[in-house]
Amino acid sequence: MSVTQCANGQPITKSADGLNVPDRPIIPFIRGDLIGIDITPVMLKVVDAAVEKAYGGKRQIHWMKVYAGDEAIRHFHPEMTEEKLVAIPPDERQRYYLPDETVAAIRKYLVSIKGPLTTPVGGGIRSLNVALRILLDLYVCLRPVQWYGTPAPVKNPQDLDIVFFRENTEDVYAGIEWKAGTPEADKVIRWLSDEMGVGKRIRFTEMCGIGVKPISEQGSKRLVRAAIEYAVQNKRKSITLAHKGNIMKFTEGAFRDWGYEVAEEFPQLITEEEVAAEYGGQVPEGKILIKDRIADQFFQQMLLRPDEYDVVATMNLNGDYMSDAAAAQVGGLGVAPGANINYETGIGCFEPTHGTAPKYAGLDKVNPGSLILSAVAMLRYMGWSEAAEGIIAALRAAILSKHVTYDLARQMEDATEISCSAFGGRIIAAL
Ligand code: NAP
């Protein structure tokens, strides 16, 4: 078995009304590779303490350890050396790193959290994170970005409070591409030229790599719908569709058009044109503004006037860049949480944006903040907002005390560097 059993907890379930979260939910967690060893135990302690503080024993998470990555190999196949693993065909090898039982547990228990995972050795194998997203069709990459008191490169980091809904399954990330000079790339170029009549648009046809950017109506609409529902439920002010539709009309432009079509299903929404024509430019009380922005302009305005943006729905590549740039504005990778969610099945796997930071593994040094904030997003998803708000306030207090991990200490004047676990202890003390 690649999971541990929890005798006393109950699974979270999903009905038409949303998630049904029992008071003692079973939540699978993956420790993660390398710095996962440092940050995951700290996150578990902080969350347990926050839940206890918020609900006084009425609620408690029953953590279920599930295995993936190096830990899965060491635990279940200690005889496997790197050489032996590379000799196994990629699809089969992937199951060593991501056992079927682990995927089944994440599917069954709906809400889970994971530390970062190393992409396994050898060619032909997908990143385990990408594999999970695809296996479970986790089409929303949710990235809430806000300021927690960390040192930041902009003057008013407190003005940024954006929740990104990044499409997770389409776009140039679909992995449909051919290497320059291969018969496949040349065949596609010939087809574009001979049959599609667009060969002349390719400036240099020799030694030219080719990639494909699929953006579908179904994929776009489910992403935008999830963003709108989030905005309605969380009483946010606006939703922005960020796209480069002026150039990529039938992919990014279509995303914008399909987004506005979905918006018509929600009476709570109002467009900029309606606000201008009927309300003198002021969004009426109780309405949520839906607007769209060209991606480059959005980038600039996110830097100059971040308070104009709230919930942002966008495609895969834009979302990757935008959410990292937004995280940099408020202090960087130490405070960059994330989640991969399918709102129809209810499956949500929460994880930090950063990777396994190999050089710091096992040193009890790195910032556990991103994983802890991913747990905050998880608690909110479960409707346990009191515990989530408690952690945010305590994290802010810990940062304000200037006793912080190395990454923050090096940017703060008069700060004292403390370990990963000591920083977790300070958060718990501030709850
Ligand atoms: P990374 O692990 O994110 O680390 C890059 C740098 O970011 C670190 O050297 C460190 O910078 C900083 N950093 C990351 N996490 C931090 C934390 N918790 N606290 C403070 N600083 C932190 O990126 P990488 O080195 O490119 O990737 C390493 C491995 O992670 C790869 O195998 C990659 O495939 C994997 N990865 C996994 C995930 C995932 O599981 N979702 C995501 C991304 C990458 P300084 O040294 O400057 O302090």
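Sort the shell around the ligand by class and you get nine nonpolar, eight polar and five charged residues; here Ala, Val, Leu, Ile, Met, Phe, Trp, Tyr, Cys and Pro count as nonpolar, Asp, Glu, Lys and Arg as charged, and the others, Gly among them, as polar. Keep in mind that this is a predicted model, where local features need pLDDT of at least 70 and side-chain atom pairs count only at pLDDT 80 or more, while totals for chains, interfaces and linings use all residues. Residues are numbered from 1 along each chain as its sequence is written, and side-chain values use heavy atoms, with hydrogens and water left out.

Let's stay with the ligand. It is surrounded by 22 residues, the closest being Leu117, Gly355, Ala357, Tyr360 and Tyr406 (a residue is near if one of its heavy atoms lies within 4 Å). Now for the polar contacts, meaning pairs of N or O atoms within 3.5 Å. A backbone N or O atom of asparagine 367 sits 2.9 Å from a ligand nitrogen. Ligand oxygen atoms are involved too: one lies 3.0 Å from a polar side-chain atom of arginine 410, and one is 3.2 Å from an N or O atom in the side chain of threonine 119. Taken alone the ligand exposes 880 Å², and the protein buries 68% of that (Shrake-Rupley areas, 1.4 Å probe).

Zooming out, the chain splits into domain 1 (1-144 + 333-431), domain 2 (153-175 + 220-329) and domain 3 (177-211), with bounds from an automatic or database domain assignment. Between domain 2 and domain 3, the C-alpha centres are 34 Å apart.

Then there's the sheet: 11 strands, open, with mixed pairing, in the order β4-β3-β5-β15-β14-β6-β7-β13-β10-β12-β11. Strands are DSSP runs of E, at least two residues, numbered from the N terminus, and two of them pair if DSSP finds at least two bridges between them. At the edges, β4 (62-66) and β11 (269-271) each pair on one side only. Inside the order, β7 (residues 161-167) and β13 (residues 311-314) run parallel, joined by four bridges; phenylalanine 164 has valine 312 in β13 as its bridge partner.

How values were computed. Polar contact = N/O pair within 3.5 Å; in protein donor to acceptor, adjacent residues only side chain to side chain.
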